[in-house]
Amino acid sequence: MGTKTLDETGAETGAEATNDEEKQDVTATDDTAAGVTGVEAEDADGAEDSDDEGVEGVDVPREDGPSGVGQGAAAVVSAALGLVSLTGSWISTVAAARETLMGQLKTSSSASVATQVKEIYGDAWQATALWGGVFALAALIVGVVVLVRPAFGAPGRPQAPWIKSVAWAGIALGVVGLLLAVLKYTDILLGLPSAS
């Protein structure tokens with residue numbers, strides 16, 4: 001421990017007095033550094049504020065066009081319709097059952113086997129092919145509309161790649177489904193067996 005003495009002015013002298021002065025100088029230095037840092041921080045904030053104001057002052061054009069949600073949904077619908085055209089639908093099943101029933105009602109028991117096969121099974125097969133073709137054509141049309149839609153929409157707004165891919169898938173499934181429907185309807189593919 002150091003000794004303290006008071007001089008005529010009342011100021012402390014000695015080892016402890018020196019330590020207190022050093023503490024005060026260190027504190028003052030910290031305050032000065034904090035003051036400089038605070039000024040620099042204020043300048044930095046002011047610079048950032050002025051930059052923000054500059055950006056806000058500039059008129060940036062907003063893209064308020066369509067978001068592409070409708071196009072994406074239509075592309076998915078196209079692919080789904082194409083898949084239904086290949087696998088069959090409830091409507092085609094009901095249509096085939098109706099044609100089978102109509103064939104049974106129209107055909108008498110004394111009719112030839114060829115007539116019975118055509119009326120009972122052939123018409124049902126063609127009804128299934130017809131409804132498959134309708135779904136395939138719908139898939140094809142919806143897919144094409146999705147692909148050409150950006151040409152009639154907001155210019156300079158690109159279409160998302162996944163929308164194009166799904167639309168192309170719908171078109172491809174529609175083409176295959178339409179081709180199969182035509183082949184089934186004309187009895188080129190899996191035609192009715194000969195009754196003779």
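Author: Look at how H4 passes H5: the crossing is left-handed, a word used when the near helix is turned anticlockwise from the far one by less than a right angle. Their axes, lines fitted to C-alpha atoms over the stretch in contact, with angles running from 0 to 180 degrees between N-to-C directions, come within 7 Å and cross at roughly 155°. That makes H4 roughly antiparallel to H5, a label for angles over 145 degrees. The helices themselves are DSSP runs of H or I with at least four residues, numbered from the N terminus.

Before going on, a word on the ground rules: this is a predicted model, where local features need pLDDT of at least 70, side-chain atom pairs count only at pLDDT 80 or more, and totals for chains, interfaces and linings use all residues. Residues are numbered from 1 along each chain as its sequence is written, and side-chain values use heavy atoms, with hydrogens and water left out.

Back to the contact (heavy atoms within 4.5 Å): between H4 and H5 it has 18 nonpolar, seven polar and two charged residues. Here Ala, Val, Leu, Ile, Met, Phe, Trp, Tyr, Cys and Pro count as nonpolar, Asp, Glu, Lys and Arg as charged, and the others, Gly among them, as polar.

Now H4 itself, residues 113-152: its 40 residues reach 57 Å from first C-alpha to last, close to the 58 Å expected, which is 1.5 Å times one less than the number of residues. Even so, H4 bends by about 35° at Gly122, taking the angle between axes fitted to the seven residues ending there and the seven starting there.

H5 (residues 161-185) also meets H2 (residues 69-87), with axes within 8 Å and crossing at roughly 25°. That makes H2 roughly parallel to H5, the label for angles under 35 degrees. The crossing of H2 and H5 is left-handed, and their contact residues divide into 13 nonpolar, eight polar and no charged.

Note on methods
Helices (H or I, at least four residues) and strands (E, at least two) are DSSP runs, numbered from the N terminus. Angles under 35 degrees count as roughly parallel, over 145 as roughly antiparallel, 65 to 115 as roughly perpendicular and the rest as oblique.
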